[in-house]
Amino acid sequence: MIIAIIVCVVLTGMLCILFFTLATYALPFMLGLEVARFAYHSGLGVLGAILVGIVVGMLVFGLAFLLLGIVRSPVLQIAMALVYTAPAVVAGYALVYGITHEYVASDIWRQLFCIAGGLFVGFSALLRLMAATGPDPARIPSQT
């Protein structure tokens with residue numbers, strides 16, 4: 001019984017880490033999924049819809065890094081990063097709600113946990129996205 005509880009806690013933690021990592025890519029995934037659904041219902045077929053969805057998801061993800069690399073204004077960079085991390089906040093909220101809806105009896109505490117989880121995942125996704133673009137070469141002091 002104790003081993004089952006430990007395994008359950010470890011697997012739940014691993015699942016949270018997986019969702020936490022994948023929340024950064026929530027917007028490209030969801031756009032790719034919606035385009036794939038549209039392509040399938042337009043008569044493209046299963047394989048064509050999957051390929052179109054993957055290509056669109058990769059393009060949206062690449063567009064984020066391209067725009068964050070081109071734009072020099074920190075305000076515009078943060079605004080674009082917030083657009084890409086807003087779905088991560090929703091995904092974090094939904095993840096915490098899915099975990100706590102059976103175990104937390106109070107609706108107020110559940111909502112507080114869910115909001116905190118959503119903000120935590122969103123802030124982490126924002127930091128990951130901003131760190132992945134790299135430092136601005138114009139702001140790095142020269143070593144000459």
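These entries go from the whole chain down to single residues.

**Entry 1: the whole chain**

I began by noting that this is a predicted model. I then looked up the elements, and the protein chain has 5 helices and 0 strands. Read from the N terminus on, the order is simply α-α-α-α-α.

Along its principal axes, the C-alpha trace spans about 60 × 55 × 30 Å. How does the radius of gyration of the protein chain stand beside that of a compact globule of 144 residues? The chain has 19 Å, while the globule would have a value near 15 Å.

I also checked burial, and 26% of the 144 residues count as buried. For contacts, I looked at those with a separation of 6 or more: residues 24 or more positions apart account for 64% of them.

**Entry 2: helix α2**

I turned to helix α2, which covers residues 26-41.

I listed the buried residues of α2 as Ala-26, Leu-27, Pro-28, Gly-32, Ala-36 and Ala-39. Just after the helix, I found Gly-43 with a positive phi of about 100°.

**Entry 3: helix α3**

Helix α3 came next, with 25 residues, numbered 46-70. I read off 36 Å from its first C-alpha to its last, close to the 36 Å expected at 1.5 Å a residue. Its buried residues are Ala-49, Gly-53, Gly-57, Val-60, Ala-64 and Leu-68.

Is Ala-36 buried or exposed? Its relative accessible area is 15%, under the 20% cut-off, so I wrote it down as buried.

Which residues does Ala-36 touch, leaving out those up to four places away in sequence? I found Ala-49 and Gly-53, and both of these are on the list of buried residues of α3. Ala-36 and Gly-53 are 17 residues apart in sequence, and their C-alpha atoms are 4.4 Å apart in space.

Arg-37 has a relative accessible area of 45%, so I noted it as partly exposed. From Arg-37 to Ile-50 I counted 13 residues in sequence and 8.7 Å in space, C-alpha to C-alpha.

**Entry 4: helix α4**

Then I moved along to helix α4, residues 74-100, where Thr-85 is found. Thr-85 is buried because its relative accessible area is 4%, and the cut-off is under 20%. Not counting residues up to four places away in sequence, Thr-85 touches Gly-122, Ala-125, Leu-126 and Leu-129.

I looked at Ala-94 in the same way, and it too is found in helix α4. With 45% relative accessibility, Ala-94 falls between the limits of 20% and 50%, so I put it down as partly exposed. Ala-94 and Tyr-84 are 10 residues apart in sequence, with 17 Å between their C-alpha atoms.

**Entry 5: the cavity**

How many cavities of 30 Å³ or more does the structure hold? I found 1. The largest cavity has about 30 Å³ of space.

Which residues line the largest cavity? My list reads Thr-24, Pro-28, Phe-61, Tyr-84 and Leu-129. I sorted this lining into 4 nonpolar residues, 1 polar and no charged.

Some of these names were already on my earlier pages. Pro-28 is among the buried residues of α2, and Leu-129 is one of the residues that Thr-85 touches.

Note on methods: Residues numbered from 1 in each chain as written. Predicted model: local features only at pLDDT ≥ 70, side-chain atom pairs only at ≥ 80, totals over all residues. Heavy atoms only, no water. Helix = DSSP H or I, 4+ residues; strand = E, 2+ residues; numbered from the N terminus. Expected span 1.5 Å × (residues − 1). Buried < 20%, exposed > 50% of the residue type's maximum accessible area, 1.4 Å probe, protein only. 1 Å grid on protein atoms, 1.4 Å probe; cavity = no way out; pocket = protein on both sides within 12 Å on 5 of 7 lines; lining within 4 Å. Points joined across faces, edges and corners; volume = space filled by probe spheres on them. Nonpolar A, V, L, I, M, F, W, Y, C, P; charged D, E, K, R; others polar. Rg over C-alpha atoms; globule rule 2.2 N^0.38 Å. Contact = heavy atoms within 4.5 Å.
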